[in-house]
Amino acid sequence: RKTREVDLHIEELVSRPHKLAPSEMLKIQLQHAERAVSQAIMEHCAYVVFIHGVGEGVLRKEIRKMLEFEEQVSNFENADPAKYGNGATIAYLK
């Protein structure tokens with residue numbers, strides 16, 4: 001089965017992140033993550049890795065909150081620390 005890796009760093013998603021408020025950045029990142037989950041489900045992926053970075057942990061917390069309510073996600077945990085450090089979450093799809 002296929003897999004998907006999604007980089008949620010704001011500078012990867014928009015051209016002028018410095019013009020956005022933190023709440024706007026978070027909204028864009030979460031919308032991108034939701035679309036990525038939907039696409040991965042349609043493509044029958046085994047899992048999705050969300051690269052959210054470390055920072056203050058706000059995005060990580062919000063991503064995990066979103067995943068808790070996603071019916072097609074069976075489980076999630078820290079992604080491979082050797083590859084991603086502490087800045088990624090892996091979500092396993094049903």
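The structure is a predicted model, in which local features need pLDDT of at least 70, side-chain atom pairs count only at pLDDT 80 or more, and totals for chains, interfaces and linings use all residues. Residues are numbered from 1 along each chain as its sequence is written, and side-chain values use heavy atoms, with hydrogens and water left out. The protein chain has four helices and four strands.

**Overall fold**

- From the N terminus on, the order of elements is β-α-α-β-α-β-α-β; helices (H or I, at least four residues) and strands (E, at least two) are DSSP runs, numbered from the N terminus.
- The C-alpha trace spans about 40 × 30 × 20 Å along its principal axes.
- Of the contacts between residues at least 6 apart in sequence, 61% join residues at least 24 apart; contact means heavy atoms within 4.5 Å.

**Surface and charge**

- Buried residues account for 34% of the 94 residues. Buried means under 20% relative accessible area, exposed over 50%, and partly exposed in between (1.4 Å probe, protein chains only).
- The accessible surface comes to about 6,000 Å², and 49% of it belongs to carbon and sulfur atoms. Accessible areas come from the Shrake-Rupley method with a 1.4 Å probe; for residues, only the protein chains shown count as cover.
- The 13 positive and 14 negative charges have mean positions 3 Å apart. Lys and Arg count as positive and Asp and Glu as negative, while His and the chain ends are not counted; each charge is placed at NZ of Lys, CZ of Arg, CG of Asp or CD of Glu.

**Helix 3**

- In helix 3 (residues 58-68), the buried residues are Leu-59, Ile-63, Arg-64, Met-66 and Leu-67. Seen down the helix axis, these buried residues fall within an arc of 155°, so they line one face of helix 3; the arc is that of the directions from the helix axis to the C-beta atoms.
- The buried residues of helix 3 pack against helix 2 (22-42), strand 2 (47-51), strand 3 (73-78) and strand 4 (88-93).
- Exposed residues Lys-61 and Glu-68 sit on the face of helix 3 turned away from its buried side.

- Leu-26 lies in helix 2 and touches Val-58, Leu-59 and Glu-62, not counting residues up to four places away in sequence.
- Gln-29 is also part of helix 2 and is buried, with a relative accessible area of 11%. Beyond its neighbours within four places in sequence, Gln-29 is in contact with Leu-8, His-9, Ile-10, Leu-13 and Leu-59.
- Leu-13 belongs to helix 1 (residues 10-13) and is partly exposed, at 24% relative accessible area.
- Leu-13 and Gln-29 are 16 residues apart in sequence and 7.7 Å apart in space, C-alpha to C-alpha.
- Leaving aside neighbours within four places in sequence, Leu-13 is in contact with Asp-7, Leu-8, Ile-28, Gln-29 and His-32.

- His-44 is in the loop between helix 2 and strand 2 and is exposed, with a relative accessible area of 59%.
- The phi of His-44 is near 55°, a positive value in a residue other than glycine. Most residues other than glycine have a negative phi.
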